[in-house]
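Good morning, colleagues. Please have the sequence and the coordinates open while I speak, and I will take the structure one part at a time.

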Amino acid sequence: MWLPAPRSNFEVNTKPMPADKLKEQREGGALYALCSRLYPVCRSITGDGVRATLKELQQIVPLCLHEVRSGRQVFDWKVPLEWNLREAFIEDARGKRIVDTANHNLHVVSYSVPMDLVCSRAELDKHLHSLPEHPTWIPYRTTYYSPDWGFCLAHEQRVSLPDESYRVVVDATLQEGALTYGELHLPGSSGRDILISTHICHPSLANDNLSGIAVATYLAKHFMNQRLRLGLRFVFVPGTIGAITWLAENERDVSQIRDALVVSGVGDKGRFTYKKSRRGNGLLDRIFARRFATTDNSVRLFSPYGYDERQYCSPGFDIAAGCLMRTPYGEYDEYHTSADNLDFIDAGALQQSLELCIEAIEEAQHEIRYVNTNPKCEPQLGRRGLYEPIGDEPMSCVQLAQLWILCYSDGEHSLADIRDLSGLDSTTLARAAERLEAAGLLKAEYG
Amino acid sequence: MWLPAPRSNFEVNTKPMPADKLKEQREGGALYALCSRLYPVCRSITGDGVRATLKELQQIVPLCLHEVRSGRQVFDWKVPLEWNLREAFIEDARGKRIVDTANHNLHVVSYSVPMDLVCSRAELDKHLHSLPEHPTWIPYRTTYYSPDWGFCLAHEQRVSLPDESYRVVVDATLQEGALTYGELHLPGSSGRDILISTHICHPSLANDNLSGIAVATYLAKHFMNQRLRLGLRFVFVPGTIGAITWLAENERDVSQIRDALVVSGVGDKGRFTYKKSRRGNGLLDRIFARRFATTDNSVRLFSPYGYDERQYCSPGFDIAAGCLMRTPYGEYDEYHTSADNLDFIDAGALQQSLELCIEAIEEAQHEIRYVNTNPKCEPQLGRRGLYEPIGDEPMSCVQLAQLWILCYSDGEHSLADIRDLSGLDSTTLARAAERLEAAGLLKAEYG
Amino acid sequence: MWLPAPRSNFEVNTKPMPADKLKEQREGGALYALCSRLYPVCRSITGDGVRATLKELQQIVPLCLHEVRSGRQVFDWKVPLEWNLREAFIEDARGKRIVDTANHNLHVVSYSVPMDLVCSRAELDKHLHSLPEHPTWIPYRTTYYSPDWGFCLAHEQRVSLPDESYRVVVDATLQEGALTYGELHLPGSSGRDILISTHICHPSLANDNLSGIAVATYLAKHFMNQRLRLGLRFVFVPGTIGAITWLAENERDVSQIRDALVVSGVGDKGRFTYKKSRRGNGLLDRIFARRFATTDNSVRLFSPYGYDERQYCSPGFDIAAGCLMRTPYGEYDEYHTSADNLDFIDAGALQQSLELCIEAIEEAQHEIRYVNTNPKCEPQLGRRGLYEPIGDEPMSCVQLAQLWILCYSDGEHSLADIRDLSGLDSTTLARAAERLEAAGLLKAEYG
């Protein structure tokens, strides 16, 4: 098993950053560097690889780590046994290791049961996975919930294996332990949160999903000391079972969450794709649809396969969880193969993904539904200094905006709706809303 | 009065059918034969003609006959006195019967009061009905709720009647009795029913409405021994008052019925027309709209005249009752005249109508709204054998379909909705739904 | 201050009208004459000018006058002190009155505080208002809620004032008193009312708003002795604070009011503009949208500035209050200047505005939502004489209309909806509805 490489030069710290570092950071170098450090770690849905990954992230943001015991019932599922790999290899008849996880984490089917056996070429082949159409790439395979074992290798190597006996070793433990996930909650004044989720279970795959981990981490870092209306709840979870476990462990808090963003596959150089939530009209659905309407980026409808939006959107929760990607999962050849490596992702692309997420979350902060606290007739703005005293001068834009906001803040219309109704710009409306809120004439609602 | 002709060769029985019979049946011969047997019967909204008709149908399907006493209040109406005709005729001055129900049931206005009088040509003419534009046809007229009498005859005969005295005889009884209707309930597993209704009150008119009676009867026969999700409730009722009586007598059961199909005028060679229910978006409305969208057949909006859909759709019940016809009522010259006879209907057309009804009802059986019994996160399909264990092979269609169904079975979406959302075909979805239902992960709902 | 001119020849009385008077009335002479009589009165949001105006209207319709004491809390506002002007003027250094409300009511900023001071040209100028783009017109300015003072004058006079000292006098009282409004309620059989509102606070401005006062007054006169389904509630209120006061004083009655029409600026020769209510789909919204669809007149969406529709539409009340104007406020140069005088308005335009209002209100009277009192099946029309006895003649239009109305009078559809569904004309439908209502088969609902 690969161990994490020693800390790279790109390590982030709290001391003033030299100019070239700053430039790097601006250009996505820090995100790329984080991917580089995480790339060698042998992750799975449980185990020390996940812990090492989360600890690396704790160097950047103060994640809380949670451990949920094996066997715990989480809705229809049980938290599985913990799997930790020391090494796995295939030896040929001469004792030469021809396939070895020391060379690539992907060589072993994840969650392969511990074993040490000698078998024929034919028997071995039943447990081999390769990609004839990409003969030099190693595919990524798992067998989490079915006790089995297997090896992944380049197809050209597989076909060249002579018909002799092989020793197959999976030196791993599969036993009572825990599932680990990381969480960071940045509370907002509204009591309502947006969930940002990324999976952390893929070993040595760069775009899917180190890119998502890096963007989510730096997104959390960006918003850490900011005042927020909508809180942000970052979760770094093993795919599927991790999201399910998180939902089960945090079911009481889910009512605070109406919107979620799953971030994954955001490091390649393709255009963006936003996959809408099942509901299709959530806060982030609307924001990304608006942003992408006039660009080459695309928005697609929900489908119930993909990443953890599947769990968040399930009808029992019905969170409006969308998914931000660049080239969508499964639509690039490198997907789930050894070719999804550090060459496949790009610092600039990572940085652009981060910036897009920052902008969308900031926009969401302003997507407020105010409620007029004084809904019967217009309130007297003049005595609050919110209205020019001598009538009939052309009304200022802010004054107009105040009237629009008071008039439509009936609990049905958000500030964005009022922008569309009035034709006034967001900035003027936000300024007017702040004045009215400060005067006690509006109350922000998110429920 | 005509009596039913002796049983024809086409009689259906339970013994194995010879090959030529089978072909006949395939080609609508059995439907046509039933029409032929029923054609001579003198039906009205009450009386022995209705009973004879229903008894003929009992040879094919085990209808229950219900008798509701004259005078019984049924909503705003009262069940009328029962009318039975022995004969009705007009004699000329020489004692020659020039108009006689022995020649055609349509000669007498239905529900004419019993009488025997001599009157002048002029007096007689006030009670005559004919069609100047079709001088050889006899029109169909009724006077159910207004005590009156009259005769219908060819216009060319009417204008040739000399100015002499005439004896007019209606040898009928109009007295306390009952209204008769037939019913067959094929229950479904869902507890919800589709109502299939046809009127049975027209004497010696083939398309309107023997064609409807024949198709409804063989439709019932087709579904008799099948397992159904949506039950089928067949009612054979006199028009208007019969449907009202049935609704009054079965008001408690109406809540089980959300959709209905009135079948009438389905024996001519015209294209199909489906008239939507008042609600316009019922189960059958959607099915026929979909089926006819890409054909020459047409769908039209509801209007509150026509057949018994008027009663079923009335706002107090609001059943989504549509009406399947070929050429719509009133839009062919032969409508409600002696020209709507056995030559006007066609065995092949009857058979095609029956097949369309069968297909629509079968489609309705699959228009199920499932509810995910495990709505929080995806259930673990793998341990139920519903998912391939080693991940990342391209997912099979049935597996995809399972995810779509679980995700959208939130009580809002039917299987047809999910077909439209997913683009998957109905068969795959139905197969996936069956697997999930068998695993206890879905519950079918119809409410 | 100008006093009302002596009664003009156009005075309306109850004696038979000579032919030339009648013609005048037909052509809007009476409306124009009322404007002429009201033009000289010095109105503001409180005071004797408002009282004199309402008393003038009482010559035509029996308005109730209401006085609400200064200081009374009305929602977020307080009824202000009462302001009454004797005179206000500017004297030059030689004691010559160069600006004087004896010449035009607009010369003083309404609600200027009482004062008598001598000041420099420069000091004076801070309190002057003029219109450089229209150098001969006097603008209209107010300072109701901010204790201040000011004078309005022609810009050419302002720039010609020499640099000397000036005596400025506002001989007015600003003290405890009342706000006055007028009201006339013409109840309807349904218990539901339409509110007709016009503001009465503008001094010596003809189109805004004497035209509205005149049209509303004669509209009330027109409907005074008519039987109404929807009652009419006419209010003549000072702008903003008057509407707010009326809503506060009549809050209990507001639930009876779902629709309102604010009438203002209906005397100029421009095309009509109907500004929709905030809800946008009220009774009058629909009627004016329909009426204007095929004309040069226009309909525009709601905006929260304008007249008292702002208060009526506020989310706490949400009355569907639209506003009928000709050229909209602020879109003609003369708006809120001395050029909005008796020459700017036109008798014919006033009369046309009145007629449009009458037609719209009459149409509203027929925009009835009936409820079928016998919703289960069709009622038996024949025994009520509402149906031709011997069937199968082509159905009359009124009979068809009866079926459509019974079928769709489910509490969801108005007679206008049924017109659109059926394609039948309004007159036939109205006739059919009257027959059914007389037979007890329909009940009109407005709730």
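Let me begin with helix 6 of chain C, which covers residues 206-223 in this predicted model. The helix has 18 residues, and from its first C-alpha to its last it reaches 24 Å. That is close to the 26 Å expected at 1.5 Å a residue. Is helix 6 of chain C largely enclosed or left open by the rest of the structure? It is largely enclosed, because 16 of its 18 residues are buried.

I turn next to chain A as a whole. Chain A contains 13 helices and 18 strands. Of its 447 residues, 47% are buried. If we take the contacts in chain A with a separation of 6 or more, 79% of them are between residues 24 or more positions apart.

Now to the sheet in chain B. Here 8 strands form an open sheet with mixed pairing, in the order 1-10-12-11-13-16-14-15. Which strands stand at the edges? They are strand 1, residues 64-69, and strand 15, residues 298-300, of chain B. Each has a single partner strand, so one side of each is left without a neighbour in the sheet. On average, neighbouring strands of this sheet are turned by 25 degrees against each other, direction ignored.

As a reminder, strands of a sheet pair through backbone hydrogen bonds, either parallel or antiparallel. In chain B, strand 1 and strand 10, residues 178-186, run antiparallel and are joined by 6 bridges. Glu67(B), for example, has Thr180(B) in strand 10 as its bridge partner.

Two helices of chain B lie across strands of this chain. Helix 7, residues 241-249, lies across strand 1, strand 10, strand 11 (193-199) and strand 12 (231-237), and runs at about 60 degrees to strand 10. Helix 8, residues 283-292, lies across strand 13 (257-263), strand 14 (273-275), strand 15 and strand 16 (320-325). Its angle to strand 16 of chain B is about 35 degrees.

Let me now consider how the chains are arranged. In general, two copies of a chain are related by a rotation about an axis and a shift along it.

Chain B superposes on chain A by a rotation of 120 degrees with 0.2 Å of shift along its axis, at an RMSD of 0.1 Å. In chain B, the residue that comes closest to the rotation axis is Glu412(B), with its C-alpha at 13 Å.

Finally, the contacts between chains. Chain A contributes 20 residues and chain C 24 residues to their contact. On the side of chain A, helix 11 (residues 397-408) gives the most, with 4 residues. That side has 10 nonpolar, 5 polar and 5 charged residues.

Between chain B and chain A, 20 residues of chain B touch 24 residues of chain A. The largest share on the side of chain B, 4 residues, comes from helix 11 (residues 397-408) of chain B. By class, this side divides into 10 nonpolar, 5 polar and 5 charged residues.

Definitions and conventions: Residues numbered from 1 in each chain as written. Chains lettered and ligands numbered in written order. Predicted model: local features only at pLDDT ≥ 70, side-chain atom pairs only at ≥ 80, totals over all residues. Contact = placed C-beta atoms within 7 Å. Nonpolar A, V, L, I, M, F, W, Y, C, P; charged D, E, K, R; others polar. Expected span 1.5 Å × (residues − 1). Buried ≥ 20, exposed ≤ 12 C-beta atoms within 10 Å, placed from the backbone. Least-squares fit on C-alpha atoms with pLDDT ≥ 70 in both. Pairing = 2+ DSSP bridges. Axes fitted to C-alpha atoms, helices over the stretch in contact; angles between N-to-C directions.
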